[in-house]
Amino acid sequence: LEVALARPEAVGHVLPIAAPAATGALAVAWNHIQLEVIKRLGVEGMAIARQLAMTTYRSEVDFDGRFGRAIQSDGRFAISSYLDHQGDKLVDRFDPDTYRVLVRIMDLHDVGRGRGGIVEAFLALADAGTGLTGLGIEGDLLYGPAQVRALVDDAAAAGVDADYRELTSTKGHDAFLTEWDQLTVILGEALGDGIERGSRHELHAVAAGRSAGAA
């Protein structure tokens, strides 16, 4: 979204996937808890923060199907072992400062900041003739379909040729990493439209150059 808004004339079609125009309050709340744990416990807290984050990436249906109430040979719930493993993996490749910076950047995501509001921000795409498809994900706890629909509605209010699509999945937010059959179709449509719009951009630019030269 930021690339498209910064250089709308160079983007034929933008496809935000499971992303809002501005980070919602619930996502900020989860991030706040993660940062508080890291502040109080340091590296150990980062592992716990990662475990909390992992619960927002999937869905209740997915966790029930993958883990249910299965108990391992050591007496621990399988889901508990999975979360511990994910926390340990992150500690091996991250540090608390990096985690804090990335979370803070996500919290501050708001395409309307400094542009007069979200609808006003999307005027740049409308003026450039850039298309937009907002892709929501069924059961996404982190950035739900309603937030993506709101993005599409704001873009349409600005005059953008905007459409909403939704992935059908039990995977929650992480469905954008797994549902490739559906994604292939949606990405293909967006790319095709983007190429067509990009060609029109180039033709208009050439025509404008010729008119300027003749003048």
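The model is predicted, so local features need pLDDT of at least 70 and side-chain atom pairs count only at pLDDT 80 or more, while totals for chains, interfaces and linings use all residues. Residues are numbered from 1 along each chain as its sequence is written, and side-chain values use heavy atoms, with hydrogens and water left out.

**The aspartate D140**

- D140 lies in the loop between β2 (131-137) and α8 (145-157); helices (H or I, at least four residues) and strands (E, at least two) are DSSP runs numbered from the N terminus.
- D140 is buried but has no salt bridge, and R58, the nearest side chain of opposite charge, is 11 Å away.
- Buried means under 20% relative accessible area, with exposed over 50% and partly exposed in between (1.4 Å probe, protein chains only), and a salt bridge is a side-chain nitrogen of Lys or Arg within 4 Å of a carboxyl oxygen of Asp or Glu.
- For charge, Lys and Arg count as positive and Asp and Glu as negative, whereas His and the chain ends are not counted.
- The side chain of D140 reaches the backbone nitrogen of L142 at 2.9 Å.
- Leaving aside neighbours within four places in sequence, D140 is in contact (heavy atoms within 4.5 Å) with A18, P145, G172 and H173.

**The nonpolar cores**

- The largest nonpolar core has 19 residues, and those with the most contacts inside it are F67, I79, Y82, Y99 and L142.
- At least two residues of this core come from each of α2 (25-41), α3 (43-57), α5 (78-93) and α6 (96-107).
- A second, separate core of 17 residues includes V14, L132, V152 and A158.
- Such a core is a set of buried Ala, Val, Leu, Ile, Met, Phe, Trp, Tyr and Cys residues joined through side-chain atoms within 4.5 Å.

**The aromatic cluster**

- F63, F67 and Y82 form one aromatic cluster, and the structure holds three aromatic pairs.
- F63 and Y82 form an edge-to-face pair, 6.4 Å centre to centre with 80 degrees between the planes, which links helix α4 (residues 60-66) to helix α5 across 19 residues.
- The rings of F67 and Y82 have their centres 4.9 Å apart and their planes at 40 degrees, so this pair is tilted.
- Rings of Phe, Tyr and Trp (its six-membered ring) pair if their centres lie within 6.5 Å, and planes under 30 degrees apart count as stacked, over 60 as edge-to-face and the rest as tilted.
- F67 counts as buried because its relative accessibility is 13%, and Y82 is buried with a relative accessible area of 14%.

Terms used: A polar contact is a pair of N or O atoms within 3.5 Å; within protein, one must be able to donate a hydrogen and the other to accept it, and residues adjacent in sequence count only if both atoms are side-chain atoms.
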